Amino acid sequence: MPTIRDGVGVSEGIVEGKVRLLSLGIPEVIHRRIEASEVKREVERFREAREDTKEYLRALKKTTSSRLGTMEARIFDPQILMLDDVELADRTIEYIRGNHLTAAQAFEWRILELKAMWERTYQPMVLDRINDLDDLHSRLLHRILDLPDPYDPAEPEEPVILIARNLTPSLVVQCDPEKIRGVATDQGTRTSHWVILARSLSLPAVVGLGDITTLAEGGQEAILDGRIGRIILDPSERERTIFRGREVQLREWEEEIHQIAKLDAVTKDGQPVALRANLDLPWEADLAESHGAQGVGLFRSEFLVVGRSSLPGEEEQYEAYRHVAQTFPESAVIIRTFDLGGDKFPTFLHMPREANPFLGWRAIRVCLDELDLFRPQLRALLRATAHGDVRIMLPLVNDVDEVLRVRALLKEEEDRLTADGLDFNPGYKLGLLIETPAAALDAVELARHADFFSIGTNDLVQYTLAVDRNNTRLAHLFNPFHPAVIRQLHQVSRVARAAGIEVSVCGELAANPLGAFLLLGLDIHSLSVAWPSLPEIKKVIREFRIESARKAAARALAAPTSREVTAHLVEGVGDSIDLSAFSGRWSLNVPKSEG
Ligand code: PEP
Ligand code: MG
C-alpha cells in the first residue's frame, strides 16, 4: 500500500528514486569532572575544535561562492559568527574553568541552554537558527571527541531521495545532484538556510512532513513532488503513471516560466499591472528577478534580527538592502521596517510575555520604543536609497502620530548622514502597510502623510474577522472574500486614488488568482506576491479583462455574504482561466464553483 504524506513544497521538481535515510546524530557525551590540572588542556581542546570547524565552514563558503554566488555563500556566515559569539564560546570556556567540565560537556550544556531560550517560539526564522545551532552542536562534538565526520554520507550507488529530520547548509552544498535526486524532511521551512541552497541548486525538496523519518524505510521506492509538497512511499502503478504525466507537465511549465518572465504583466485589454515580489531574504532577489518581478513590493527585514543574540549593525543591514536595490536598478524596492512581536522576537530584545501578542507590543510600536534598534535601520535604509528607487514602509500603523514620529526620526538621521558625508536620495518615499481596520477606516488621514499604501491582507483579515492567522483550527474562517474585508479594500483603494498615491496589495490574497482578479477590479494595479508565484499570477493577469474584473468587483461589493462575493468573482472570471488548475497550489484554496 502506498503511503502519501503532504508537507510544504519548497523547491520545485518531481523525482523518483529509492529512499536513503540520513540521521545527523549527536554523539553521546559522558559526564566526567576534570582535575584542575586538566582545565588548560580542555580549554585548548575546545578552541582547536572551534577553529577547525570555522576553517571547515569557511572552505565550504568558498566552494559555495564559486558554485552558486557570493550571496548564497553568506548562508554560512551566521554559523561562523555563532562560533565566535560570546554567549556560546566564552560561556563554554567559563563552564570548563568554573565547573570543571570536559570541553564536550561544557559545550553541550551551553548549546542546550541557548536552544531552550530559542525554542519558546514557533516562528520559522528562529527555528532555522536552532537548526544552525544543532548543526554546530553535532559538528563540534564530533571534532572534540575525535569522531569521524558525521556529514560524510558515503556516496549512494544509485540516485536516491534523501530523508532526514532536518538538513543543514553544509550537507546540501555537498550533495551531488547526480546522486541525490530530492530531499524530504520532518522539519524545515521555506526560509531554512539549507532550503535556500537547495533551491539554488535546483534540488527538489519537501519540508514540514512531521514524521516521514519514522514512516520511511531505507531502500523503499518513493516519488517526491516539490511543487505540491508531496511524497509517496511505495507508489502504485497508477501513481507512477500520474507521476510521469506531471513530470512532463512540469518540464513544459518550467520552459514556459522563462517565456512568461520576459512578458509584461498586462491584462488582455491593456491595463498594465506592477507585479512585484515579496522577499524574506536578500538572496531571494535574484530568483525574483529571474522569475520576472518588476521590483520588490515587500522585503521583510526581520531575517536581520530574529534568532540573533545581538543587534545587527548598520553596515550589515545596508549591504543587504543595497544588494536587493542593485538587483532591481530600474524598479521600486519597498523595504519594510522591522515587524517584530506577534510571533517574531529577537532574543536580545527580551520581549515581555504577553497574553495577546498579536494585539500587543508589535511592529512599529516596538521600533518607536526601541530607538537603538530602529535608528540604525533607518540610517541603513536611507543610505540604500542612493542605489535605486528604495522606499521605506512601516508595518501595523494605526494613526497619524506614529507616522509623524517616524518622519521626525528620519529627518534627524538624514541630517546626521549629511554631516557624515554619506549619500542618500532626499526624494525617497515613505509608505504605510494598511493592515488594521483602524488604518483602513482612517485612510483619509493617513494618506495626507504617506507617499504610498500597501495593504497587508494577511493581517487585515486577521484583525477584521478576529481570526488568528496561525490557528489551523480556524483556517476555514480566515476568509479574505468576507464582505467586511473587501469593502475595506475598496475604501483604501478609493482614498489612495483621490490622494494621488499608489496603492498595492502585498498579502497572500494577491497570489490567489481570484484575489488578483478582485484587486484589479477594485483598481489596485500593483500586486506583490512571493517570488515562486510570480509566473502563475502573471499568466493569470494576462488572461483577464480589466472591464470584467471591474464589473465583477462591483457586484461582489454589493453582495451580502462571502459565498456570494466568491460566486460573483468566479462568474466574472468565467472560462478565461481554469481556476481548478490552481487548487492545492495556493494557500487560500480557490473555490471550485459556488451558486
Ligand atoms: C500582511 O500582513 O499581509 C503582510 C504582508 O505582512 P506579514 O505577512 O509579514 O505580516
Ligand atoms: Mg502583516
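The side chain of Ser-11 reaches the backbone oxygen of Leu-203 at 2.8 Å. This comes from a predicted model. Ser-11 sits in strand E2, residues 8–11. Its relative accessible area is 3%, so Ser-11 is buried. Beyond its neighbours within four places in sequence, Ser-11 touches Ala-198, Arg-199, Leu-203, Pro-204, Ala-205 and Gly-226.

## Domains

The protein divides into three parts. Domain 1 covers 3–24 + 151–236, domain 2 covers 36–144, and domain 3 covers 257–582. Between the C-alpha centres of domain 1 and domain 3 the distance is 32 Å. Domain 1 gives 6 residues to their contact, and domain 3 gives 8 residues.

## Ligand 1

Which residues come closest to ligand 1? They are Arg-300, Arg-336, Gly-456, Asn-458 and Arg-469, out of 13 residues that surround the ligand.

| Protein residue | Protein atom | Distance to an oxygen atom of ligand 1 |
|---|---|---|
| Arg-300 | polar side-chain atom | 2.7 Å |
| Arg-336 | polar side-chain atom | 2.9 Å |
| Thr-457 | polar backbone atom | 3.1 Å |

Taken alone, ligand 1 exposes 290 Å², and the protein buries 98% of that. By class, the shell holds 7 charged, 4 polar and 2 nonpolar residues. Two elements each supply at least two shell residues: strand E10 (296–300) and helix H18 (457–465). H18 gives the largest share, 3 residues.

## Helix H21

How many of the 10 residues of helix H21 are buried? The count is 7, and the helix, residues 534–543, is mostly covered. The buried residues are Leu-534, Pro-535, Glu-536, Ile-537, Lys-538, Val-540 and Ile-541. Glu-536 and Lys-538 are thus among the buried residues of H21, and both residue types count as charged. The cover over these residues comes from several elements. Among them are helix H10 (237–262), strand E9 (274–279) and helix H11 (284–290). H20 and E16 also contribute to that cover.

A general point on helices applies here. An α-helix has 3.6 residues a turn, so residues three or four places apart point the same way.

## Two positive phi values

Most residues other than glycine have a negative phi. His-100 is not a glycine, yet its phi is positive, about 55°. His-100 lies in the loop between helix H4 (86–99) and helix H5 (103–118). Is His-100 buried, partly exposed or exposed? Its relative accessibility is 21%, so His-100 counts as partly exposed.

Asp-523 is the other case. Its phi is near 65°, again positive in a residue other than glycine. Where is Asp-523 placed? Asp-523 occupies the loop between helix H20 (513–521) and strand E16 (526–530). Asp-523 has 21% relative accessibility and therefore counts as partly exposed.

Notes:
Residues are numbered from 1 along each chain as its sequence is written. Chains are lettered from A and ligands numbered from 1 in the order in which they are written. This is a predicted model: local features need pLDDT of at least 70, side-chain atom pairs count only at pLDDT 80 or more; totals for chains, interfaces and linings use all residues. Side-chain values use heavy atoms; hydrogens and water are left out. A residue is near a molecule or strand if one of its heavy atoms lies within 4 Å of it. A polar contact is a pair of N or O atoms within 3.5 Å; within protein, one must be able to donate a hydrogen and the other to accept it, and residues adjacent in sequence count only if both atoms are side-chain atoms. Accessible areas come from the Shrake-Rupley method with a 1.4 Å probe; for residues, only the protein chains shown count as cover. Helices (H or I, at least four residues) and strands (E, at least two) are DSSP runs, numbered from the N terminus. Buried means under 20% relative accessible area, exposed over 50%, partly exposed in between (1.4 Å probe, protein chains only). Contact means heavy atoms within 4.5 Å. Domain bounds come from an automatic or database domain assignment.
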